[in-house]
Structure formats: structure tokens, C-alpha cells
Amino acid sequence: MNIAVIAPFQTASFLDVAEKTARVLRLNHNVALHDMNTMFFPFGKWDKLIYFNTLFLPSLVHIPRFLALTNRLIFSCDSEGIPLGISDFFKRYLDVCIISTPTFWVKQNYEKAGIKVHNVIPRAIDPNEFVVNKADVEAYRKQFNNKKIIFFNGALHERMQHQRKGIEELLQALQLICKKRDDVVLVHLTNHYPYEVGIPIPKEVEGKYIAEKLFGKLSKYEVALRYHACDVYVQPSHSEGFGMPLIEAMICQKPPIFINGGAMKEVVGEYGIKVEPTHVQTFNFMNLIEQIYFMFEPSDLAEAILWSLDNKEQYEELGIKAKEFAERKYNCWVVYKEFEKV
């Protein structure tokens, strides 16, 4: 079978998912991987074409030309809420596609928008990419004089809403934590420093908050190293369509501290530390999506982090179970074979 796999512009998570899907399918098929940063669309005729993107109006303009290249277009897409502005014109094209989502939560949101979803295929990882040298882990930890490392891997967007990742609440939680412990440091992998998107760093956490540029700066090994080196992984996002760092943390035996709502609740299940949301809010983002935010109190997040630091043995026991769960459910060599059946 001839298969084309297409990844969208400048979206690291989708590029990674597309690359792994192509790698898995190449075991049994002729597969071409196209990055839309360099090629607008593939030429030729394909038995199957898999398109990874968000289901926003801008991503739909490519669908007519993709349908001209194949009789079987799989649109694997997600979002953090309910898509807006999808006209009957584009819905007719979507009806011809096979729509796949990474979570049932996203599926439900699409169906509220009148979009038929055919199946749910989660995002997945290659466990081998998260194997690191113990000596490298210890060397990294020594940079911080063996302080307790709280780790967060989350991009901040200069032209998009950065509030979704919950960095402001995380910084407030860090302030509360620092009042009780003086041996903590927060490491944040991001593509923009907070001040670049208008987020001030409280004076109380100066020297306790370390931001590292992720995209184009760190290798996959270096990212995996930080998951293994941290004492606690935290994902304070108000909303995610899936949340790849959640399963990356789990595969490294770090049960994520997460907000217990939406796709995050579905992805992590019982293998993380839950912060219960206080209420739900919706936001209209550029008339592209009605984002669904699970709001929470910084004090509750701080309490979950402190519990994880203070109960190391229980946290590590849960980490073993989290790794087993991630290996079982989110192994790309098993999960992405599902695209063969679609």
C-alpha cells in the first residue's frame, strides 16, 4: 500500500506524531512523510493519505487538494474545545474524510459541532527514546545542588493564548511552595520565555524558576533526561486535546500532577496526582474554537506538589504503575498500527 503522511507547519508535537506514524507504517507499506514546512502537498496518487492537524478553519483549506490525491483521506485532528466557523461547505468535505481524534473528549466536542468522528486513536511514544544514562541524570541534578526539581514541559505562544498552559497559576503555586520549603527549583521547557508573552516572574521565586528554550535547542535525549532527573512532573494546563508530556512523564516513571478534567483526565486516568478543577470556563479564541478551560486554585496545585515531594515512596510506587500503563497503552509500535485498519 502507498501511504502519504502529512504534518502541518511549525507544530512540533504534530511533526513528532507524523514521523512516528510513518516509521511504524513503513514496516509493511511504502510510506512518504511530507512536512508542510517544506512541501505544500504531496504529488501523485496515494492509496491512503493521513493528515495530522488541528480541526480549525485554516487547516481545512488543504482538504480538497488532498482528496484529489486519494480516495481514503484520514484526518487525525484534535483541539482544546469545540471548533467554530466550520461552514456547510467544509462540512461536506469533512463528511468524505475519515475523522480520527486522539481522545474521546475531543470526539464529543467535535460531535457537538456536527462533525462525525469515525474512531479514536491516541497519540503515542517510542519508549526507546526515553532511555537515558543514569550518570547523565546525576550530572544534570548536580547543576541544582541536589535541590528538589519540579519539571514542566509546556510551550508558551507569542501570538496565541498562553494562559491555557497554566504557567501563571504554576508560578503562584511556586510562591506558596517556597514559603514552606527552600530546597525547590522549577524547570520549565518552553519556546518563549514568560516575559516575552507578558507574564511577569514574581520576585519571590527569582532564582527558583529556570526557563529553558526547547524548540531547536534541546535534543530528544536532553528532554528525556529532564523527565528522569526531576523529582516531580507537573502539567498545570487548563485544557489539552491530548497532552503528550503527560505520557512522556509516565514513561519516565513520573506520575504527572495534572488538572483532572477533559482529555487530561482521560489520558492519565488513575496514574497521576489529581488537582480537582473548581469550575469550567469557555473562551472564544479568534472565532476558531470555543476553548474549554478547567479552572483550579494555585493553592490546590501547590498542595499536590508538596504532597508528592513529601511522600517520595508513594510517588515512586505510583510511578512504576504509570510507566507500565504508558508502555501498555501508548506504545507507538502498537497504537499507530491502527492506521492500517482505517
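Is Phe283 buried, exposed or partly exposed? In this predicted model, Phe283 has a relative accessible area of 28%, so the residue counts as partly exposed.

**The open sheet β5-β15-β14**

- Three strands, in the order β5-β15-β14, make up an open sheet with antiparallel pairing, and its edge strands, each pairing on one side only, are β5 (81-83) and β14 (279-285).
- On average, and with direction ignored, neighbouring strands of this sheet are turned by 15° against each other.
- Seven bridges join β14 to strand β15 (residues 289-295) in the antiparallel sense, and among the residues involved, Thr282 has Ile292 in β15 as its bridge partner.
- Helix α5 (residues 104-112) packs on the sheet, where it touches β5 and β15, and the direction of α5 makes about 40° with that of β5.

**Strand β1 and its partners**

- Strand β1 (residues 2-7) is largely enclosed by the rest of the structure, because five of its six residues are buried.
- With strand β2 (residues 30-35), β1 pairs in the parallel sense over six bridges, and the bridge partner of Ile6 in β2 is His34.
- With strand β3 (residues 48-54), β1 also runs parallel, and four bridges join the two; here the bridge partner of Ile3 in β3 is Lys48.

**Aromatic pairs**

- The count of aromatic pairs comes to 17, and one of them is formed by Tyr51 and Phe66, which are edge-to-face at 4.9 Å centre to centre with 70° between the planes.
- Because Tyr51 lies in strand β3 and Phe66 in helix α3 (residues 63-67), this pair ties together parts that are 15 residues apart in sequence.
- Tyr51 counts as buried at 0% relative accessibility, and Phe66 is likewise buried, with a relative accessible area of 0%.
- The rings of Phe283 and Tyr293 have centres 4.6 Å apart and planes at 55°, so this pair is tilted.
- Since Phe283 belongs to strand β14 and Tyr293 to strand β15, the pair ties together parts that are 10 residues apart in sequence.
- Whereas Phe283 is partly exposed at 28% relative accessible area, Tyr293 is buried, with a relative accessible area of 3%.
- Elsewhere, ring pairs link Phe130, Phe151, Tyr227 and Tyr233 into a cluster.

Definitions and conventions. Residues numbered from 1 in each chain as written. Predicted model: local features only at pLDDT ≥ 70, side-chain atom pairs only at ≥ 80, totals over all residues. Heavy atoms only, no water. Pairing = 2+ DSSP bridges. Axes fitted to C-alpha atoms, helices over the stretch in contact; angles between N-to-C directions. Contact = heavy atoms within 4.5 Å. Buried < 20%, exposed > 50% of the residue type's maximum accessible area, 1.4 Å probe, protein only. Phe/Tyr/Trp six-rings, centres within 6.5 Å; stacked < 30°, edge-to-face > 60°.
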